[in-house]
Amino acid sequence: CRKDSYAMLSLANIQLELSAREKHSSRQENALLDKATELYRAVLLQEPNNVFAANGLGVVCAKKGRFAEARSIFTSVRDASVEGADMALANLGQLHALQREPLAAVGLYQKAQRRAKGAPPASLLALEARAHFDAGSLPEARRVLSRALRQRPTDLTTVYNLCVVLH
């Protein structure tokens, strides 16, 4: 498994997902994030241009509160790869949202949507709507949520979010 970068990347993603989903003590969560970091770095040693490992490492940095390091990683992924650019833009938007910079987040989400093939994912539209909401731009949040609802008319979370914006 230590020679198979795909397997190591999968294991790192599992560690990252477990740290987010399960209720852990901060020590357990840090242990999962440390293991994910170790695996992402091992993949990058074997494949220095693996955008998925670099992106995962950036997510771990963001979860640990190391925003400058995460921003640097996501920017490198965005600049170095066509394949991971939209993912990196969305993650840069998330960093701006976490740092209470919703207008900067909106711009990055919109840029990621323009780069997406076909219709932008509803999850990306939801992130943009949240950033508009946080910026106090309720008409824009409503417009974006309406667009997401046209894509996924049975998505109850989007319906709920639209009701919150309209209320």
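This is a predicted model: local features need pLDDT of at least 70, side-chain atom pairs count only at pLDDT 80 or more; totals for chains, interfaces and linings use all residues.

Biologist: Let's start with H1 and H3. At what angle do they pack, and how far apart are the axes?

Modeller: Helix H1 covers residues 5-21 and helix H3 residues 51-63; they pack at an angle of about 25 degrees, with their axes 11 Å apart. H1 and H3 are therefore roughly parallel to each other, and their crossing is left-handed.

Biologist: Which residues make that contact?

Modeller: From H1 you have Leu-9, Leu-16, Ser-19 and Ala-20. H3 puts in Phe-52, Ala-53, Gly-56, Val-59, Val-60 and Lys-63. By class, the contact of H1 with H3 has 7 nonpolar, 2 polar and 1 charged residues.

Biologist: OK, and H3 against H4: roughly parallel or antiparallel?

Modeller: The angle there is about 160 degrees, with the axes of H3 and H4 8 Å apart. That makes H3 roughly antiparallel to H4. The crossing of this pair, H3 and H4, is left-handed.

Biologist: What meets what in that pair, H3 and H4?

Modeller: On the H3 side, Val-51, Ala-54, Asn-55, Leu-57, Gly-58, Val-59, Cys-61 and Ala-62 take part. They meet Phe-67, Glu-69, Ala-70, Ile-73, Phe-74 and Val-77 in H4. The contact of H3 with H4 divides into 11 nonpolar, 2 polar and 1 charged residues.

Biologist: Jumping down the chain, how do H6 and H7 pack?

Modeller: H6 and H7 also get an angle of about 160 degrees, and their axes are 9 Å apart. That makes H6 roughly antiparallel to H7, and H6 passes H7 in a left-handed crossing. Residues in the contact include Leu-103, Val-106 and Tyr-109 of H6, and Leu-124, Leu-127 and Ala-131 of H7.

Biologist: New topic, the inside. How many residues are in the largest nonpolar core?

Modeller: The largest nonpolar core has 34 residues, and those with the most contacts inside it are Tyr-40, Ala-53, Val-60, Ala-70 and Leu-95. H1, H2, H3, H4, H5, H6 and H7 each supply at least two residues of this core. Apart from it lies another core, of 8 residues, with Leu-125, Val-144, Leu-145 and Val-165 among them.

Biologist: What does Ala-53 touch, leaving aside neighbours within four places in sequence?

Modeller: Ala-53 is in contact with Leu-9, Tyr-40, Val-43 and Leu-44. The C-alpha atom of Ala-53 is also 7.4 Å from that of Arg-41, a residue 12 places away along the chain.

Biologist: Where does Arg-41 sit, then?

Modeller: Arg-41 is in helix H2, residues 26-46. Not counting residues up to four places away in sequence, Arg-41 touches Leu-57, Arg-66 and Glu-69.

Biologist: Last one, Arg-100. What's its phi?

Modeller: Arg-100 has a positive phi of about 60 degrees although it is not a glycine. Most residues other than glycine have a negative phi.

Biologist: And where is Arg-100? Is it buried or exposed?

Modeller: Arg-100 is in the loop between H5 and H6. Arg-100 is exposed, with a relative accessible area of 73%.

Technical notes: Residues are numbered from 1 along each chain as its sequence is written. Side-chain values use heavy atoms; hydrogens and water are left out. Helices (H or I, at least four residues) and strands (E, at least two) are DSSP runs, numbered from the N terminus. Contact means heavy atoms within 4.5 Å. Axes are lines fitted to C-alpha atoms, for helices over the stretch in contact, and angles run from 0 to 180 degrees between N-to-C directions. Angles under 35 degrees count as roughly parallel, over 145 as roughly antiparallel, 65 to 115 as roughly perpendicular and the rest as oblique. A crossing is left-handed if the near helix is turned anticlockwise from the far one by less than a right angle, and right-handed if clockwise. Ala, Val, Leu, Ile, Met, Phe, Trp, Tyr, Cys and Pro count as nonpolar, Asp, Glu, Lys and Arg as charged, and the others, Gly among them, as polar. A nonpolar core is a set of buried Ala, Val, Leu, Ile, Met, Phe, Trp, Tyr and Cys residues joined through side-chain atoms within 4.5 Å. Buried means under 20% relative accessible area, exposed over 50%, partly exposed in between (1.4 Å probe, protein chains only).
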